[in-house]
Structure formats: structure tokens, C-alpha cells
Amino acid sequence: MPELPEVETTRRGLAPHVEGRRVTGVVLRRPDLRWPIPYDIVETLPGQRIEQVRRRAKYLLLDTAAGSALLHLGMSGSLRVLPADTPLRAHDHVDLALDSGQVLRFNDPRRFGCLLWQPAGQMHELLRDLGPEPLSDAFDGDYLFARSRKRAAPVKTFLMDQKVVVGVGNIYAAEALFAAGISPLREAGKVSRERYAALADAVKAILGHAIARGGTTLRDFISPDGAPGYFEQELSAYGRGGEPCPRCGRPLKQASIGQRASVWCGHCQR
Ligand SMILES: [Zn+2]
């Protein structure tokens, strides 16, 4: 599933091909993805110039003067910029034709992605109530500390709450908690300010590293024959239950926390 680093890499890959381009037409090969595609996408978007490609959480926004096309890659979605006459593949659901002669093509086998419309001056309900971006200055140890007081939920569940911070999914939560030496089961309200500072730093470092690595795969996101290329992860904890802890060699524990598979070291993470 595309996580925040893949979405950010997609944004960076698309921007030079899409920004400044006018949408000349929209082809919907089915009326819905996860949700029905709104009429504005075919009625309002054509003729508009895409001013910039933005990312908020795992959403991409194509900003125009009239409003923004709001895209989510879901579980299996990918976007490519292609010559307009490129033959279709299975699950190529949407084309946005551009005045460059290229199309922005959305492929999504499982159709958990979406293409929605946000009118200018409004914020789509999916974007309301989202926490800060993990790579922004607003996200730090002081913020996590203040936000977590009196919260009895496990710290891993707290960290994955999109109202607390966006884009820290199951993999990155497990890795950041491992790096910071914090047990995922610890009550969020009982983690110290100092340890939250270490956790925020770990989240930034791990996501930043993944985005930097993604830069080397940018070509795959836009080339006609490229696969979406979700990143190979160098993982210390996630998915490694029962294997030796990379730090102390004891077997990693595995359990479900907040209905999500979780792996951690009972010795290194307290
Ligand atoms: Zn260990």
C-alpha cells in the first residue's frame, strides 16, 4: 500500500509534468472508485490550469483556480504521465488529458483510491480534522507530549491516529517506536516529554529517509513501462515477529495492538 513517502515521491514525480498544464479533457472509464467521481471532475476541471500539485496526508491535490482535484491512491493506486496514445492496461480507470499532449493516468486494481473535487475556498471533509504533517515543524516532542496527556490508549495507537499526526501508518509506527526504544503498549499519557522528542525525531528520520530513497525511483512513477514501485523497506521490527532483535538479539514479540499487527522488542523497548 502506498504510504506517505510513496505519495510524496509520486507528487515530486508528477509536478514537473503537470504543473502549469491545462486540463483539456477527462476520460472516466468507470463512474466510481471508492466513491462516485463527482460531476465537477468532468464539468469544471477541463479548461482549468493546474497551478500546483500538493500533498496533504496521503492525499494529492491538483490545485486550479476553480478548485482542486483530490486524489488518494488507496491500497493499490498509481499515477503515470504518458503520451495520450499509450495503450490502456487493465484497471486504467481515469485519464486527465493535458495540453502537453500527455495524459495523467490513474490505475487502481482494488479501487480503494478516490478522485474527488474540492471547490476553491473550501476544505473537503476528508481533510478536516487532520493532525499536522509529520515532517513539519508543528510536529515535535512537545506537541506529542501535550497532545497525549490523559490519553490511556497505547502509544502506538495514539501515533497512528490521523487526528494526532497524519501519515504514520502501521509500518512507520512500529519502526519509529523501535528506534525510539518505546514499547508500543505503553500508555500514551505516560510517555515523558523527552521520550516523545526521541519519537518525533525517529518518525521524521524514518519518513525522510524513505522519501530520499524514493527519489531514486522517480522514473518508475512516470515511465510508460514503469511499475508503481512501492519502496523496498529496510525494516527493523515490522513483519519480523519471532526473529532476533537487531539490537539485542532476543526474539521480537508479536501481538495485535488496536487490531493492528505489532512487533517490538520486550528488552529494548520499554
Ligand atoms: Zn532488543
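How far apart do the C-alpha centres of domain 1 and domain 2 lie? Good morning, everyone; let's start there. In this predicted model, the answer is 28 Å. The domain assignment puts domain 1 at residues 4-127 and domain 2 at residues 141-264.

Now to the zinc ion. Its protein donors are the SG atoms of Cys245, Cys248, Cys265 and Cys268, and they lie 2.3 to 2.4 Å from the metal. If you follow the donors along the chain, you can read off the spacing C-x2-C-x16-C-x2-C.

What about the geometry? The four donor atoms subtend angles of 103 to 113 degrees around the zinc ion, so the arrangement is tetrahedral. For reference, the ideal angle for four tetrahedral donors is 109.5 degrees.

Are Cys265 and Cys268 buried or exposed? Cys265 has a relative accessibility of 1%, so it counts as buried. Cys268 has a relative accessible area of 17% and is buried as well, because the cut-off for buried is under 20%.

Let me finish with the inside of the protein. Searching the whole structure turns up one cavity of 30 Å³ or more, and the volume of the largest cavity is about 50 Å³. Which residues line the largest cavity? They are Leu71, Leu79, Val94, Leu96, Leu104, Phe106 and Leu115. Strand S6 (92-98) contributes at least two residues to that lining, and so does strand S7 (102-107).

Terms used:
Residues numbered from 1 in each chain as written. Predicted model: local features only at pLDDT ≥ 70, side-chain atom pairs only at ≥ 80, totals over all residues. Heavy atoms only, no water. Domains from an automatic or database assignment. Donors = N, O, S within 2.8 Å, 3.2 Å for Na, K, Ca; no water. Tetrahedral: all angles 85-135°; square planar, octahedral: opposite > 155°, others 65-115°. Buried < 20%, exposed > 50% of the residue type's maximum accessible area, 1.4 Å probe, protein only. 1 Å grid on protein atoms, 1.4 Å probe; cavity = no way out; pocket = protein on both sides within 12 Å on 5 of 7 lines; lining within 4 Å. Points joined across faces, edges and corners; volume = space filled by probe spheres on them. Helix = DSSP H or I, 4+ residues; strand = E, 2+ residues; numbered from the N terminus.
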